[in-house]
Each structure stands twice: as C-alpha cells, then as structure tokens.
Amino acid sequence: MIGSIEIEGKSWSFEHLDDLSNELTSSDLDWKISTGEFLKDWIGDDDHVMVHTSGSTGKRKSIILQKDMMRRSAKITAGYFNLPPRSSALLCLSANYIAGMMMIVRAVVNNWNLVVVEPNSNPLKNIAGSFDF
C-alpha cells in the first residue's frame, strides 16, 4: 500500500519521489523548490539530513537529524493519533523548516496521502474536503 503526494491537483505515488523532486526543484517558486530539495535529501543515500533551526529562540543553527530517528518519530505520531496508511494529511508549512519536513516524512513513512499547498495565512481557503492530520 503506497501513499501519494499531491501538489496543485497532480499526484505522485511514493515510487516516483525522484521525479517529483526533480520537477519541484526546477520550479521558480520557493515553496516548491524547498519541498523538492528536502525530498532529494530524504531519498538520498545519506543516513541523515542537514536542517536549520528557525532562529525564533536564538541564532539560527545547522543541525543533523538522523533519518532513522525521523522515521521513528513519524511512526510514533501515526500510532498516537491512530492514523493508518492512506490517511490524508495537509502540508501547509515550508519544507525549509523541521515542521514541514516532518510532515513529508510522516506521510512517506506511514503511507499517507499528502496534499501540499503553498504556505499562507489561510491554507484551507481553496481546498475542498477534509484531512485526517
């Protein structure tokens, strides 16, 4: 059972994350580029990803997150909220930050259907339906 990522009405199964990441990184929109860059890092061979803190509580810092720990966190979240495969989730945060990255990881690890929209102050404005997470 494989989930998917949907952006602007177009959907990619997780089997095609490489194609999706290439398409997104060739965009001229920052939110798409950051999503594509994180996907490239996530499916890459390294056992970790380099991320940057937001700087909201001090100076921005670069930190290394182990992919295995991110996977574990994603599974714990799904279990805690009782969200099975094929659950629907919304990513309305930038993939430049850990919160946005973790939504992508949760979707991929747990085989959810993730809808990605441009981050803004009213992400549900043009979306019909509802989400499990």
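A: The model is a predicted one.

Q: Why is the aromatic pair of Trp-112 and Phe-133 called tilted?
A: Ring centres must lie within 6.5 Å, and planes under 30 degrees apart count as stacked, over 60 as edge-to-face and the rest as tilted. For Trp-112 and Phe-133 the centres are 5.6 Å apart and the planes make 55 degrees, so the pair is tilted.

Q: Which parts of the chain does the pair of Trp-112 and Phe-133 link?
A: Trp-112 is in the loop between helix H4 (98-110) and S6, while Phe-133 is in the segment after S6, 21 residues apart.

Q: How many aromatic pairs does a search of the whole structure find?
A: The search finds four aromatic pairs. One of them joins Phe-81 and Phe-133, 5.5 Å centre to centre with 50 degrees between the planes, and is tilted. Ring pairs link Tyr-80, Phe-81, Trp-112 and Phe-133 into a cluster.

Q: How do you know that Lys-67 lies over the face of Trp-42?
A: A charge sits over a ring if NZ of Lys is within 6 Å of the ring centre and within 35 degrees of the ring normal. Lys-67 lies over the face of Trp-42 at 5.8 Å from the ring centre.

Q: In the open sheet of four strands, what is the strand order?
A: The order is S2-S1-S6-S5, with mixed pairing. Strand S2 (10-13) and S5 each have a single partner strand, so they stand at the edges and one side of each lacks a neighbour in the sheet.

Q: What makes strand S1 (residues 4-7) and S2 a pair?
A: Two strands pair if there are at least two bridges between them. Four bridges join S1 to S2, so the two strands pair, and they run antiparallel. In S2, Lys-10 is the bridge partner of Ile-7.

Methods
Residues numbered from 1 in each chain as written. Predicted model: local features only at pLDDT ≥ 70, side-chain atom pairs only at ≥ 80, totals over all residues. Heavy atoms only, no water. Phe/Tyr/Trp six-rings, centres within 6.5 Å; stacked < 30°, edge-to-face > 60°.
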